[in-house]
Amino acid sequence: MRYGHFDDANREYVIETPATPLPWINYLGNEDFFSLISNTGGGYSFYKDAKLRRITRYRYNNVPFDNGTRNYYVSIMSGDTPDAKPVETFSPTFLPVKTPLDSYQCRHGIGYTVFEASKAGIRTELTAFVPLHTAAEINRLDITNINGAPKTVDVTGLVEWCLWNAVDDSSNFQRNLSTGEVEVERRDESTLLYHKTEFKERRNHYAFYGVNAPVIGFDTSRDEFLGQFNGWDTPQVIAEGKAHDSVAHGWYPIAANRVRVTVDPGETKSLIFTLGYIEVPNDQKWEDPNDPAKVGIINKKPAHELFARFDTTEKVEAALDELKQYWNGLLSTYSVESGDSKLDRMVNIWHQYQCMVTFNMSRSASYYESGMGRGMGFRDSNQDLLGFVHLVPERARERIIDIASTQMEDGSAWHQYQPLTKKGNADIGGGFNDDPLWLIAGVNAYLAETGDASILTEPVPFNNVEGSEVPLLEHLRRSANFTMNHLGPHKLPLIGRADWNDCLNLNCFSATPGESFQTVENNDTGIAESVFIGGMFVLYGGQYADILAHYGEACGMSADEVAAEVGVVRDAIDAMTEAVKTAGWDGAWFRRAYDAYSRPVGTIDDTEGQIYIEPQGMCVMAGIGLDDGKAQAALKSVKDRLTCEWGTAILAPAYSTYRIELGEISTYPRGYKENGGIFCHNNPWVSIANALAGNDEEAFAVYRRNCPAWLEDKSDIRKVEPYVYCQMVAGPEAAIPGEGKNSWLTGTAAWTFVDVSQYLLGIRPTLDGLAIEPHLPAEYTHLTITRVFRGVTYRITLDRTGERTLTVNGKVIDGSTVPVPTDGATTVDVTVTF
């Protein structure tokens with residue numbers, strides 16, 4: 001069953017009913033100001049940090065699920081008199097009013113969302129977006145009269161303020177219910193309602209909600225607006241047909257502007273609502289700090305300037321066009337014409353768009369990650385870089401510096417950091433022993449994409465301590481050495497609190513309800529090891545050695561120093577490869593780990609959890625077993641034992657009881673999340689592994705099994721959005737296989753784009769140039785790809801002939817890597833046969 005359709009020409013997904021299985025959302029904003037918006041107008045907004053700068057309130061676990069956030073009430077009135085009453089009221093987004101609409105459509109585009117609705121002869125179009133370089137969300141509402149007679153329409157736009165800190169807002173009511181403060185600025189041409197809670201003390205920021213038209217009333221008190229016993233669907237002031245002009249003092253501040261328009265037949269009237277965020281220097285907080293009568297009245301000048309940038313339809317159209325052109329430029333960096341609309345739309349539009357969102361958000365703010373605890377992940381953000389770096393390399397560079405600045409001197413790291421403060425998140429802690437190696441992966445991706453070796457000499461602190469700065473290359477050195485210096489009895493890396501799988505907690509041994517699996521260590525024997533990190537070290541330790549070999553001398557090392565260190569690292573890689581092939585091999589697949597008692601995890605000798613996906617993908621990606629048949633055996637086991645129509649499960653058989661020595665992984669019901677769910681994040685590893693092993697058909701089949709575009713007609717089962725990836729799909733042992741959870745913010749986005757763009761289509765940046773090695777199934781015979789790489793546009797044609805050749809500007813060259821032009825050329829024509 002489908003609930004909408006793809007509009008590839010406009011880069012939109014068109015939702016044709018508000019009754020989707022779950023709220024289907026979009027993200028607005030590319031830089032500092034972000035909004036989530038659902039197909040019924042729900043969501044929330046924040047500036048930089050979803051926890052510490054939450055602007056609008058959102059209620060998780062709400063009933064209805066998605067209600068009371070970005071509310072619009074369109075009331076067709078009985079006349080144009082002060083005592084006029086609403087004849088019919090509806091919401092352009094269906095919620096919150098829930099009046100059945102004559103027509104409805106939600107178009108989620110790239111950085112914008114448009115709602116089209118009609119009721120009783122009034123048609124509305126609501127366009128929401130965050131303009132470039134702007135701390136504001138713009139909502140343009142067009143009201144068109146398709147009746148035969150003039151109509152008087154009252155429009156009320158409303159947001160509910162969050163009191164800045166999302167955690168405190170949802171818990172500290174004894175304070176919050178007394179602190180809410182607002183200001184009202186009612187002007188002839190517009191009205192701005194200001195949220196200035198705590199502004200007179202330590203804060204230097206406020207928010208406002210304004211409309212570019214004179215209002216007939218406003219409200220800033222939620223209780224006054226709703227009235228007793230009413231919800232957002234039946235507010236008192238809407239039913240009465242008249243705002244109360246309420247001013248909130250504590251309790252629950254909102255911002256509601258009411259505008260009346262008269263619309264003639266065929267006429268359209270437009271209103272622009274602006275939700276803005278303002279920061280001012282501490283010495284400029286007040287309207288006039290020298291006038292005692294005006295101290296306490298906020299400095300509104302920057303709000304006026306921001307509001308004025310979007311106070312006409314012409315300005316809004318120009319800003320929206322600028323946003324669309326920006327994305328046109330970004331998405332032209334990599335595009336394919338394959339003859340397959342599903343593949344083209346995912347590669348050209350939705351994969352890359354989701355990569356931007358995950359880069360911006362990490363795992364911090366979605367409908368499933370509340371933004372109240374998690375910040376930016378060390379591991380997560382490095383992985384997100386892999387699929388994003390080609391879009392805006394300069395932002396990737398900044399992010400790498402931010403991430404590395406949270407690293408400890410011994411090479412370990414905070415697992416997460418808050419984006420506003422750039423400080424490590426102590427509530428989550430550190431000790432996830434895979435984290436250091438992901439920094440190498442992120443830096444290598446940046447170097448391969450840009451060739452910008454200057455990043456390696458950038459001074460970067462440890463733990464953000466001033467005075468501890470060393471070149472970034474030293475951070476990479478300590479990342480590699482951390483793994484080399486933390487080995488267990490099988491010469492495999494120690495797992496620490498966990499590795500990539502946060503729920504495999506081999507040193508936790510928790511028997512106390514509510515205890516954190518990820519911060520508690522009740523039985524750390526110091527010997528639990530990870531085969532997965534062993535594969536990681538072979539892959540990313542190898543990348544570190546390559547970085548040294550390419551750039552070590554440019555970073556101040558002598559040739560002898562480079563050779564010596566590269567030799568040490570490669571020797572360690574050889575030793576790790578041997579350890580993985582011996583202690584890490586179970587006979588038909590790679591083991592997962594060794595527990596705190598040095599017993600194997602992921603072995604045929606167990607009754608459950610016999611095989612895990614992670615080491616099969618990572619070890620083969622690292623090249624382990626490609627020379628002796630182990631890789632092919634492991635991948636066959638993955639296909640035979642873990643794979644179903646919905647994708648490849650994380651492990652099998654799922655655990656049926658809690659195993660204290662394994663931790664959180666065994667707490668989930670069978671088939672869900674880490675206990676046998678299809679954790680989509682690591683399916684691309686198996687696809688890449690199959691590609692490297694020459695199993696091209698299976699490599700693409702793995703990609704296709706959980707690619708949203710191929711699953712659109714199963715939306716009633718999958719439930720989540722059919723245009724982006726989710727974190728988890730219920731696995732074959734689940735009660736409801738195929739059900740998706742936790743959409744949008746997942747490493748699946750970046751890894752799937754790496755998989756399809758660099759390995760299946762085969763256009764892969766390297767330190768030496770652009771490698772082209774497609775691994776496509778037989779159905780794909782002719783493709784054209786455009787790839788902008790280091791300022792050069794590569795026009796690439798792929799033709800299936802049964803043999804591999806590479807022709808660059810008409811000249812056949814050896815190998816598979818196209819070197820970067822040195823003659824100043826800005827375009828290169830490449831033909832590849834395969």
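Modeller: Happy to! The largest cavity has a lining of 14 residues, and R70, E137, N139, V159 and L275 are the ones nearest its centre. This is a predicted model, in which local features need pLDDT of at least 70 and side-chain atom pairs count only at pLDDT 80 or more, while totals for chains, interfaces and linings use all residues. Residues are numbered from 1 along each chain as its sequence is written, and side-chain values use heavy atoms, leaving out hydrogens and water.

A cavity here is a set of points on a 1 Å grid over the protein atoms alone where a 1.4 Å probe fits but cannot get out, and lining residues have an atom within 4 Å of a point. The volume is the space filled by probe spheres set on the points, which are joined across faces, edges and corners. For the largest cavity that space is about 80 Å³.

Strands (DSSP E runs of at least two residues, numbered from the N terminus) supply part of this lining: β7 (70-77), β12 (136-145) and β19 (268-279) each give at least two residues. With three, β19 contributes the most. By class, the lining holds six nonpolar, six polar and two charged residues; Ala, Val, Leu, Ile, Met, Phe, Trp, Tyr, Cys and Pro count as nonpolar, Asp, Glu, Lys and Arg as charged, and the others, Gly among them, as polar.

In total, there are five cavities of 30 Å³ or more.

Methods. On a 1 Å grid over the protein atoms alone, a cavity is a set of points where a 1.4 Å probe fits but cannot get out, and a pocket is an open set with protein on both sides within 12 Å along at least five of seven lines; lining residues have an atom within 4 Å of a point. Helices (H or I, at least four residues) and strands (E, at least two) are DSSP runs, numbered from the N terminus.
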